[in-house]
Amino acid sequence: MVTDASTTVPAKSGLPPWARKAIWAGVIAVALVVAYFILAAFLPRWWAQSVGSLSSGSFSRGITWGLLYGVVCTGVPLLLFYFAWRSRHRAHARIWVISLLVLGVVVAIPNLLTLTVVLGNSSAAHAGERTLDVDAPGFRGASLWGAIIGTLLFAAAVFLHVRYRKRGAEVAKLRGDLHQREPQSSGESPAPEM
């Protein structure tokens, strides 16, 4: 029996695929932990200073910006997540769903940053709270009320959307029933309308 050397596949040397994947997963996990600790020390202070510069120490500006961020950065991500949920079973929708989810998270970042300041226990979070108290008074409370309003607006939009789709299905069903009741032969005439 003659074997051709060009058809034999050389054996791969090195680690098996599962080991390479495990090493990559470990490297990514370590990188994420390091990034978390770096960002946890930086982001709350930076966010509080950014909001403080927008508000300039004004109570009315702090409330306005808090309401704006609360409503937009809660209602819009919830709508994006809802549309991603509704689109999940459509053909070729994977990229669309992932895009909606990523966009929703990006739009929600200001609220998440505010939460890191309010709920955080680090020194950066406490420094951010002091900065918000002085430079953006009323922002945290207004942001909470804005989030509540954004959630209520989202619930109303979903209710109206579901109701609209339900009525559309009822109208389509009634039209189908009406077409079935129409006379089939050309010699028959429909009943006169009153």
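I take a polar contact to be a pair of N or O atoms within 3.5 Å; within protein, one must be able to donate a hydrogen and the other to accept it, and residues adjacent in sequence count only if both atoms are side-chain atoms. The model is predicted, so I ask for pLDDT of at least 70 for local features and 80 or more for side-chain atom pairs, while totals for chains, interfaces and linings use all residues. Residues are numbered from 1 along each chain as its sequence is written, and side-chain values use heavy atoms, with hydrogens and water left out.

**Entry 1: Thr-114**

I began with a polar contact of 3.0 Å that joins the side chains of Thr-114 and Trp-47. Thr-114 sits in helix H3; helices here are DSSP runs (H or I, at least four residues), numbered from the N terminus. Is Thr-114 buried or exposed? I find it buried, because its relative accessible area is 6%, and buried means under 20% (1.4 Å probe, protein chains only). Leaving out residues up to four places away in sequence, Thr-114 touches Trp-47, Phe-139 and Ser-143, where contact means heavy atoms within 4.5 Å.

**Entry 2: Asn-111**

Asn-111 also lies in helix H3, and I count Asn-111 as buried because its relative accessibility is 13%. Its side chain makes a polar contact of 2.7 Å with the side chain of Thr-74. Beyond four places in sequence, I see Asn-111 touching Tyr-69, Gly-70, Cys-73, Thr-74 and Ser-143.

**Entry 3: helix H2**

Next I looked at H2, residues 59-87, which has 29 residues. From first C-alpha to last, H2 reaches 42 Å, close to the 42 Å expected at 1.5 Å a residue; that expected span is 1.5 Å times one less than the number of residues. Among the buried residues of H2 I noted Tyr-69, Gly-70, Cys-73 and Thr-74. The buried residues of H2 pack against H1 (17-55), H3 (94-119) and H5 (139-181).

**Entry 4: the cores**

For a nonpolar core I use buried Ala, Val, Leu, Ile, Met, Phe, Trp, Tyr and Cys residues joined through side-chain atoms within 4.5 Å. How many residues make up the largest one? I get 10 in all, including Trp-47, Tyr-69, Cys-73, Leu-132 and Phe-139. H1, H2 and H3 are the elements that give two or more residues to this core, and the largest share, 3 residues, comes from H1. Apart from it lies another core of 5 residues, among them Leu-80, Ala-84, Ala-93 and Leu-100.

**Entry 5: helix H4 and its partners**

I fitted axes as lines to C-alpha atoms, for helices over the stretch in contact, with angles from 0 to 180 degrees between N-to-C directions. The axes of H3 and H4 (residues 123-135) come within 7 Å and cross at roughly 105 degrees. H3 and H4 are therefore roughly perpendicular, the class for 65 to 115 degrees. Thr-116, Val-117 and Val-118 of H3 make this contact with Ala-125, Gly-128, Glu-129 and Leu-132 of H4.

The axes of H1 and H4 come within 8 Å and cross at roughly 5 degrees, so I call H1 and H4 roughly parallel, the class for angles under 35 degrees. Residues of H1 that meet H4 include Pro-44, Ala-48 and Val-51.

**Entry 6: Gly-120**

Last, I checked Gly-120, in the loop between H3 and H4. Gly-120 is buried because its relative accessible area is 17%. Its C-alpha atom is separated by 8.5 Å from that of Pro-44, 76 residues apart along the chain.

Definitions and conventions: Buried < 20%, exposed > 50% of the residue type's maximum accessible area, 1.4 Å probe, protein only. Parallel < 35°, antiparallel > 145°, perpendicular 65-115°, else oblique.
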